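Colleague: Could you take a close look at one exposed spot for me, and then walk me outwards from there to the rest of the fold?

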Amino acid sequence: MKQVTASYTLPANVLKPLKFIRTARVYAQGVNLLTWTAWTGYDPEFVGLGSGNNGIIPQARNYTFGVQIGF
């Protein structure tokens, strides 16, 4: 799973009492969450010179959470 994003947009009737906010969305994103492979090196996506990618640091997992607000 290279990249996964899940989000929820709040309904307009929930935001109606807050007259200055038109839209609101809550989201979570994950990058490099899971890799299925028989590759024995660190990173199957790395293309390097030589006989493999031994010693190459694997890609980091990233998690992002946020709120998007439209005024």
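Modeller: Let's start with Phe 20, which sits in the loop between helix H1 (12–15) and S2. Before going on, the ground rules: this is a predicted model, where local features need pLDDT of at least 70 and side-chain atom pairs count only at pLDDT 80 or more, while totals for chains, interfaces and linings use all residues. Numbering runs from 1 along each chain as its sequence is written, and side-chain values use heavy atoms, with hydrogens and water left out.

Phe 20 has a relative accessibility of 55%, so it counts as exposed (over 50% relative accessible area is exposed, under 20% is buried, and in between is partly exposed, with a 1.4 Å probe and protein chains only).

Along the sequence the pattern is β-α-β-β, with 1 helix and 3 strands (DSSP runs numbered from the N terminus: H or I of at least four residues for helices, E of at least two for strands). The strands make an open sheet in the order S1-S2-S3, with antiparallel pairing (two strands pair if DSSP finds at least two bridges between them). S1 and S3 stand at the edges with a single partner strand each, so one side of each has no neighbour in the sheet.

On one flank, S1 (residues 3–9) meets S2 (residues 23–31) over 7 bridges; Ser 7 stands opposite Tyr 27, and Thr 9 has Arg 25 as its bridge partner.

Zooming out, buried residues make up 13% of the 71 residues. The accessible surface comes to about 6,000 Å², 61% of it from carbon and sulfur atoms (Shrake-Rupley, 1.4 Å probe; for residues, only the protein chains shown count as cover). Of the contacts (heavy atoms within 4.5 Å) with a separation of 6 or more, 63% link residues 24 or more positions apart.
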